[in-house]
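Please look at the structure below before reading the points. The notes that follow take it one topic at a time.

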Amino acid sequence: MLNFKKIRLMTKLAVYEKKDGKEDIYLSKYYKADYVRLQVLKSIITATIGYGLIIALIVFYRMEYLIKNAVTLDYKLLGTYVLGFYIMTITVFGLGALILYSMKYDASRKKLSRYFRLLKRLEKVYNESSHDS
Amino acid sequence: MLQLLELRERIKNFYQRYDAYLLPVVKFIFAFIAFQAINKEIGYDERLKSLPIILGISLLSAFTPSAVMVLLAAVISVLHVYFISPILSVMIIVILMILYLLFARYTPKYGYVLLAVPILFLLKIPYIIPILLGLISTPVAMIPTSCGVIIYFLFQIIKSAITMQVNISIEDIIQLYTHVIDSLTGNRQMIMTVVIFSLTIMVTYFIRKMSFDYAFEISILAGGLTGILGFLISYLILNQSKQILSMILGTIVSIALVYIIHFFKLTLDYSGVEYAQFEDDVYYYYVKAVPKVTVTVPQVNVKHINVKSTERREFSDPDVDEAEDYGYDE
């Protein structure tokens, strides 16, 4: 026989799993520290690539000047500048990612708690129905 | 107003019923408009302009996530430019990559904004985006909006750069490159547009968050006014007073459009019928979950009937049989 209480619970769970739940459940596989660390690492890597591209654009833009003064250039100063800006960039992006993804993780945890509550209730219904039969 | 509410109710019912088919159709229309606009603006490669190809990619983007549409649009734009000048297309790819890696990747939900801003710029109503985003999202939307603005101006610059390219010696390439970078970084109009759009999003968002009556409607107006004032100042500084009229008209149209969207937002926000599949030990379930309709709008309809009947009662002659008056013919 159909157990409508169970069907209702399962429908709610299935709809959640199909829509918002997909990401939340994926996130729940990580510990918070692991997840945030991974995302910070990813941000730093993409920021590094982006920074590299910007530097490449600037170098190409200043090509003529660079070639003309290739001998007299103060490479030490230049390197310090590039490195300094690089450290600034990855600090900003790393910290930003740290804050952003911790908030995201906490928010998804909150949504998940409702999902787990429903799951627990479903388990209860299951146990009851198996006792009956 | 009442007829509009009824219309909204009807649209809501329609949307609920045909949700599954309606969404691809809407996406198809958007994609078609977007690709047509790209072809009209920078359509250098005739092969990509043929109708079957446009229809094909529009169909493809109708049934895939919105990120695919954005990616396809980017690929097609780059291919068009590549047809004329490979160097410029490489530059576009590099700049788009920088925008993505540093900014756009943090707001994956707003990917479509990157495409929508340039397209709406071409349709002369980009002002709709900041107001709408201030209304339905958070100030985070400033990031994709700014990226969209930069992309639009980038392609404007590319368009002007393509005309000046003559032959392909090294000096020419460097000159071309310097021209593009110069006009991108020195583009005061672009920077001002970014600032004004960000301001508009903030103003709309914070007024919408305030708790007084009609906060939503007032925030739309305030956002529009912020845009008008900002662009007025920027055009006067940049001596481009010719554009003021089209800007004001565009903003008014945008405000009207945002208001219409806001009016139907309840409808569009509404999650339609859900289809869920699951199983237990005994059965497979194929469930169709229909959300219960909200009560507020039917209440308004009830009021409408009362008002009508009391008015009639007041003016009807007591000697006449009232049964005729009560609309049995309806």
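**Notes on the model**

1. Ile131(B) is in contact with Thr200(B), Thr204(B), Ile220(B), Gly223(B), Gly224(B), Ser254(B), Ile255(B) and Val258(B), leaving aside its neighbours within four places in sequence. Two residues are in contact if their C-beta atoms, placed from the backbone, lie within 7 Å.

2. This is a predicted model, in which local features need pLDDT of at least 70, side-chain atom pairs count only at pLDDT 80 or more, and totals for chains, interfaces and linings use all residues. Residues are numbered from 1 along each chain as its sequence is written, and chains are lettered from A and ligands numbered from 1 in the order in which they are written.

3. Chain B has 13 helices and two strands. Helices (H or I, at least four residues) and strands (E, at least two) are DSSP runs, numbered from the N terminus. Of the 330 residues of chain B, 28% are buried, that is, with 20 or more other C-beta atoms within 10 Å of their own, C-beta atoms being placed from the backbone.

4. Ile131(B) is also among the residues with the most contacts inside the largest nonpolar core, which has 69 residues. Such a core is a set of buried Ala, Val, Leu, Ile, Met, Phe, Trp, Tyr and Cys residues joined through C-beta atoms within 7 Å. Helix α8(B) gives the most to this core, with eleven residues.

5. Just after α6(B), Lys124(B) has a positive phi of about 70°.

6. The axes of α8 (residues 142–164) and α9 (residues 170–185) of chain B come within 10 Å and cross at roughly 145°. Axes are lines fitted to C-alpha atoms, for helices over the stretch in contact, and angles run from 0 to 180 degrees between N-to-C directions. From α8(B), Leu154(B), Ile157(B), Ile158(B) and Ala161(B) meet Leu176(B), His179(B), Val180(B), Ser183(B) and Leu184(B) of α9(B).

7. The contact between the chains takes 18 residues from chain A and 18 residues from chain B. On the side of chain A that touches chain B, α3(A) gives the most, with nine residues.

Terms used: Buried ≥ 20, exposed ≤ 12 C-beta atoms within 10 Å, placed from the backbone.
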